[in-house]
2 protein chains.
Amino acid sequence: MPETLADIGEFALIQRITAQVVTGPQVVLGPGDDAGVLNVDGLVVVSTDVMNEQVHFRRDWSSANNIGHRCVAGGLADIEAMGAVPTGVLLGLSAPGSTEVSWFDDFTAGVLEEIDHAHVSLMGGDLSQADSISIAVTALGETRGQPILTRRGAKVGDIVAYRGRLGYAAAGLAVLSRGFRSPRELVNAYRQPQVPYGAGGEAVRYGAHALMDISDGLVADLTHIAWGSQVVVGLDSSTIDLPEPLKAVAHATGRDPLDFVMAGGEDHALVGCFPPDSLPQSWKAIGEIEDPQDRDPGVVVDGEPWLGETGWSHF
Amino acid sequence: MPETLADIGEFALIQRITAQVVTGPQVVLGPGDDAGVLNVDGLVVVSTDVMNEQVHFRRDWSSANNIGHRCVAGGLADIEAMGAVPTGVLLGLSAPGSTEVSWFDDFTAGVLEEIDHAHVSLMGGDLSQADSISIAVTALGETRGQPILTRRGAKVGDIVAYRGRLGYAAAGLAVLSRGFRSPRELVNAYRQPQVPYGAGGEAVRYGAHALMDISDGLVADLTHIAWGSQVVVGLDSSTIDLPEPLKAVAHATGRDPLDFVMAGGEDHALVGCFPPDSLPQSWKAIGEIEDPQDRDPGVVVDGEPWLGETGWSHF
């Protein structure tokens with residue numbers, strides 16, 4: 001019989017994690033006490049995300065290591081999305097007592113690998129029994145004296161541009177949903193998103209007016225910038241890359257490849273609104289901020305309201 | 001048919017909360033963007049706790065309002081337990097789509113009441129679908145230039161003292177487990193713990209050497225101070241108050257009333273180790289820090305290892 005969480009117990013499991021934790025110089029106190037303590041240079045930026053089994057992930061579609069990477073990446077993307085520098089992560093893990101310790105160890109390894117990759121520190125967490133696996137990630141960051149970038153600052157004439165990937169995770173999920181495992185590039189993109197770490201700070205340096213990460217879907221998320229800034233976000237579909245594997249999956253599943261880009265979240269690309277003369281080279285322009293005039297704030301694609309899929313909403 | 005979360009949808013539910021949020025002067029950006037932003041005076045202190053249905057609470061034993069109060073109180077107690085000043089809360093709520101909106105509204109009211117009572121701000125959160133209710137609370141605080149109090153600083157000769165309540169929540173839970181609803185005082189203590197807000201700062205001002213909150217059980221939790229500080233925590237049972245309702249419940253359930261105090265958590269009393277000449281009046285001495293000599297670090301009661309119940313451990 002493989003060893004389970006119930007065989008080992010809460011405190012020994014926590015020690016299995018804390019024994020591996022290496023914290024950065026900003027960390028005054030890491031995991032193991034009532035709370036973690038962090039030195040902050042400027043303002044503290046903080047966000048909480050929840051990921052639930054069967055809703056956000058399936059254990060037959062993603063390895064424990066994938067899930068560990070993905071939950072940390074998703075949390076840190078929210079910090080990047082404010083133009084801030086990620087510094088720390090806290091993790092609340094709920095799982096059945098029957099969960100195998102090998103799953104837990106692989107998950108922990110994924111968490112710590114992503115934390116290491118992003119140059120942040122594990123600051124604390126909680127471990128609890130539950131009927132299914134649920135992961136709460138809190139991400140922390142700091143502004144280092146730089147301005148924060150919200151969804152409210154977009155200005156008419158700004159270039160809308162992104163850094164990262166669009167539609168890959170959604171296409172990967174479509175592949176897995178149909179019982180396939182390839183194209184690998186897309187499946188891997190779903191399993192383990194590649195957050196463009198550093199892109200938030202880059203957007204600040206280039207004077208971006210608004211910034212966010214794409215977690216629910218490009219159109220759904222840009223709608224928040226549209227309403228927050230009281231503008232129309234005009235996307236130009238001719239500027240949008242539709243890489244070959246995306247087209248192949250769309251063809252095989254009878255969908256429009258543009259749907260993956262417009263409605264796909266979870267790649268955690270950053271999308272920002274830049275002054276027209278100040279777009280960083282590594283960002284790709286896909287549209288422009290328009291004066292709403294007599295229109296409601298919202299997203300238009302090629303001048304028309306988007307009638308395709310828009311993205312994910314719970315319940 | 002009562003309205004459910006599935007009827008309303010994620011974004012409308014989030015707006016139901018954010019519309020009620022009043023943030024303090026330290027909050028640069030509250031809920032509604034990718035992350036919240038907070039001004040920090042000194043170091044940032046941060047902790048995450050998870051509360052799951054059937055494990056930490058039952059909806060037939062606690063109202064939604066109780067659960068809202070309790071999850072915030074438990075989170076903020078961890079900040080007090082560092083001797084820090086609580087400033088903010090983030091909330092990750094997972095719930096089935098069939099959950100009634102009235103439950104959600106009552107829960108939210110409890111969360112916001114406790115946040116108001118503790119003079120902190122709701123900084124953000126996440127809302128997700130799940131098979132059962134799960135709540136992740138992240139609490140933030142600051143040190144305002146004062147030292148932090150860990151579990152590692154206890155010194156031989158220190159007085160061990162607590163502020164708050166001990167055993168009430170455990171006795172209340174014992175009552176509910178047997179299908180009773182009184183004594184009300186104990187049931188209410190379980191349903192809605194009274195965190196001694198401000199006690200953490202008081203412990204710092206009186207020069208405490210170590211501090212923590214009692215969430216798993218007095219003996220279990222003090223064992224962390226014992227190991228962290230490499231000392232023996234000697235408790236004197238004759239100093240421990242056993243109020244009448246505690247004795248009545250112990251009698252009715254065939255248990256030793258001292259078990260409720262020694263093994264009971266979730267009242268979130270603070271327990272600290274103070275220099276002998278510096279105990280605040282509102283704290284109650286229950287023991288002393290002893291030199292381990294040839295003993296392992298640990299907790300002894302009246303000079304003997306404690307053989308009764310010790311507290312809660314997951315899995």
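Two strands are said to pair when DSSP finds at least two bridges between them. I begin with that definition because much of this talk concerns which strands pair, and which residues face each other across them. Please keep in mind throughout that this is a predicted model.

Let me apply the definition at once, in chain A. Where do the residues of E8(A) point, and are they buried or exposed? A:Ala210 and A:Met212 point one way, A:Leu211 and A:Asp213 point the other way, and all are buried.

Strand E7(B) pairs with strand E10 of chain B, residues 270–274, in the antiparallel sense over 5 bridges. There, B:Ile159 has B:Phe274 as its bridge partner in E10(B). Strand E7 of chain B, residues 159–163, also pairs with strand E11, residues 284–290, again antiparallel, over 4 bridges. In that pairing B:Val160 is opposite B:Gly287 of E11(B). Strand E9 of chain B, residues 232–235, is likewise joined to E11(B) by 4 bridges, and the two run antiparallel. Here B:Val233 is opposite B:Ile289 of E11(B).

The next sheet draws on both chains. It is an open sheet of 6 strands with mixed pairing, in the order E1(A)-E2(A)-E3(B)-E6(B)-E4(B)-E5(B). Its edges are strand E1 (27–29) of chain A and strand E5 (121–129) of chain B; each has a single partner strand, so one side of each is left without a neighbour in the sheet. From one strand to the next, the twist averages 20 degrees. Within this sheet, strand E4 of chain B, residues 85–95, pairs with E5(B) in the parallel sense over 8 bridges. B:Leu90 has B:Gly124 as its bridge partner in E5(B).

That brings me to the interface itself. In chain B, 61 residues are in contact with 61 residues of chain A. The area buried between the two chains is about 5000 Å², and carbon and sulfur atoms give 59% of that area. How many salt bridges are there between chain B and chain A? The count is 4. Among them is the one between A:Arg151 and B:Asp33, whose closest N and O atoms are 3.5 Å apart.

A brief word on cysteines. The structure holds 0 disulfides over all chains. A:Cys273 has a relative accessibility of 1% and therefore counts as buried, the limit being under 20%. B:Cys273 is buried as well, at a relative accessible area of 1%.

I close with the backbone. Most residues other than glycine have a negative phi, and most peptide bonds are trans.

In chain A, the peptide bond from A:Ser182 to A:Pro183 is cis, with omega near 10 degrees. A:Pro183 is in the loop between helix H5 (168–177) and helix H6 (184–191) of chain A. In chain B, the bond from B:Ser182 to B:Pro183 is cis, with omega near 5 degrees. B:Pro183 is in the loop between helix H5 (168–177) and helix H6 (184–191) of chain B.

The other two places concern phi. A:Gln230, which is not a glycine, has a positive phi of about 55 degrees. A:Gln230 lies in the loop between helix H8 (218–229) and strand E9 (232–235) of chain A, and is partly exposed, with a relative accessible area of 48%. B:Gln54 also has a positive phi, near 75 degrees. B:Gln54 belongs to the loop between strand E3 (44–52) and helix H3 (64–80) of chain B. At a relative accessible area of 53%, B:Gln54 is exposed.

Methods: Residues numbered from 1 in each chain as written. Chains lettered and ligands numbered in written order. Predicted model: local features only at pLDDT ≥ 70, side-chain atom pairs only at ≥ 80, totals over all residues. Heavy atoms only, no water. Disulfide = S-S within 2.5 Å. Buried < 20%, exposed > 50% of the residue type's maximum accessible area, 1.4 Å probe, protein only. Axes fitted to C-alpha atoms, helices over the stretch in contact; angles between N-to-C directions. Contact = heavy atoms within 4.5 Å. Buried area = accessible area lost by both parts, 1.4 Å probe. Salt bridge = Lys/Arg side-chain N within 4 Å of Asp/Glu carboxyl O.
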